[in-house]
Amino acid sequence: MDFFYRCIECGREYPGNQVMYLCPDCSGDSPPGTFLSGLLEVCCSGSVQSPEELYPYPLVKRDTYPVGNTPLARPMRLAETYGLDSLFFKLDNLNPSGSFKDRASQMVAAQALALGESTVVVSSTGNAGSAMACAGAAYGLEVILFVPQSAPKNKLLQSVLYGARVVPIKGTYDQAFSLSISCSREFGGINRNTAYNPMTIEGKKSCSIELYRQFGDNIPDVVYIPVGDGVIYSGIYKGFKDLRDAGFTDRIPKLVCVQSDRSDAISRAWRSGKPDNIEEATTIADSISVASPAGGRYALKGLAESSGWCVVISDEQILAAQLELSRDAGIFAEPAAAAGWAGVLHDAPMLRSEYGPDVNIAVIITGTGFKDMDVFTGRTAIPEAIEPDLDAYERRFLDS
Ligand SMILES: Cc1ncc(COP(=O)(O)O)c(C=O)c1O
């Protein structure tokens, strides 16, 4: 589609024929890595005939890096246990690098390819980086990735294997965010930082377009989304907003922001009306551990316009939800990716009483459990080996 950029704060518009990050007038003194000011929204300047035309850059060579079109699972055992008849899980753990972040990386790769850029610079808590590294491997782009050294090992290893230049830093994700911006300013390349590059939101909106295709006229009433920087949330909001504005749907589902009580900056801002960083984010769900959410301002807009709400849960609830997804639905999610389900569990009595048992719920499963196996240390164990005979089996498992 033809597009231009518009600042979500001052409304100033900029032509789409350039790479832009933040509104020069409004980004002002907001240091990189905070609730960024001056986020730009990509706006369609023509008419579109189908939802797939709503992307600013065409998703070229999709079979080279087959992102999205993830299936919907209907978890029949959980639906029965909790009296929620119309419950769906969108399995974004099945993306090429194992997380939802492939959607943003696919769009930034499309931007780079369209503009003849060969380098992409990114900072990440882990998944955005491995997704961009995966896209880089598929399309032949150089990827420079700044990550906190504390990121789960599997995510870092994955990125190294994909051939990215991985730069672990002795600092936080927020510091990696700043450093990556300095790096792309100084040495060139497109910056893929989440929210900072508006194409990340454009990529993530593909989830809503797929949900529209999968549900038809009966799009979900409520969508549960795990939130850290707020950009998955923003992308899903933007997708439904674009679908509505282009006349494909008549409403935006209620979008629920689910956060850990150890990383709840957006939820606090939603309650107080004041976007402020929290001092420190310490949730075990590393992918949603963010003290200063880059996409917070756009997510707050989505919360207001979708009549959504925030659910804050404990890490214990997230870990319990992760185990329940494995045991009772056959879905292996990393802790952050299980947070959406923990949010539904928190809200289940309210959902049944206020919306009825057939409320149409979609939960976004944002990443695979293989990303972070250390989280199981001390929580679960592989049984000790037995001698290879039936007696040993009986003694271990059948004798009471
Ligand atoms: C698996 C997973 N879930 C949820 C999130 C949260 O997304 P956002 O930071 O855009 O809110 C992330 C972000 O890294 C993620 O990797």
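This is a predicted model: local features need pLDDT of at least 70, side-chain atom pairs count only at pLDDT 80 or more; totals for chains, interfaces and linings use all residues.
Biologist: What makes S307 count as exposed?

Modeller: S307 has 11 C-beta neighbours inside 10 Å. Residues are numbered from 1 along each chain as its sequence is written.

Biologist: Where is S307 found?

Modeller: In the loop between α10 (296–305) and β12 (309–313). Helices (H or I, at least four residues) and strands (E, at least two) are DSSP runs, numbered from the N terminus. S307 also has a positive phi of about 55°, although it is not a glycine.

Biologist: Why is N69 called exposed?

Modeller: N69 has 12 other C-beta atoms within 10 Å, so it is exposed. It lies in the loop between β3 (40–44) and β4 (72–73). Its phi is positive too, about 50°, and N69 is not a glycine.

Biologist: Why is strand β7 described as largely enclosed?

Modeller: Strand β7 covers residues 142–148, and six of its seven residues are buried, so the rest of the structure largely encloses it.

Biologist: How do you know that β6 and β7 pair?

Modeller: Two strands pair if DSSP finds at least two bridges between them. Strand β6 (residues 119–123) and β7 are joined by five bridges and run parallel. T119 has E142 in β7 as its bridge partner. The chain passes from β6 through helix α3 (residues 127–139) to β7, in a right-handed β-α-β crossover.

Biologist: What makes a crossover right-handed?

Modeller: With the strands pointing away from the viewer, the path from the first strand over the helix to the second runs clockwise. β7, helix α4 (residues 153–161) and β8 also make a right-handed β-α-β unit. β7 and strand β8 (residues 165–169) pair in parallel over five bridges, and V147 stands opposite P168 in β8.

Biologist: In the open sheet of six strands, what is the order?

Modeller: The order is β4-β5-β13-β10-β11-β12, with mixed pairing. β4 and β12 each have a single partner strand, so one side of each lacks a neighbour in the sheet, and they stand at the edges. β4 and β5 pair in the antiparallel sense over two bridges, with L72 opposite K90 in β5. Five bridges join β5 to strand β13 (residues 361–365), and these two run parallel.

Biologist: Why is strand β5 called largely enclosed?

Modeller: Four of the five residues of β5 (residues 87–91) are buried, so the rest of the structure largely encloses it.

Biologist: Which residues of the largest nonpolar core touch the most other members?

Modeller: Of its 115 residues, they are M132, L145, Y224, I225, C257 and V258. A nonpolar core is a set of buried Ala, Val, Leu, Ile, Met, Phe, Trp, Tyr and Cys residues joined through C-beta atoms within 7 Å. In soluble globular proteins, nonpolar side chains tend to be buried together.

Biologist: Which residues are closest to the ligand?

Modeller: N127, G228, D229, T366 and G367 are the closest of the 22 that surround it. A residue is near a molecule if its C-beta atom, placed from the backbone, lies within 6 Å of it. α8 (231–245) is one of the helices supplying at least two residues of this shell, and α8 gives the most, with three.

How values were computed: A residue is buried if 20 or more other C-beta atoms lie within 10 Å of its own, exposed if 12 or fewer, and partly exposed in between; C-beta atoms are placed from the backbone.
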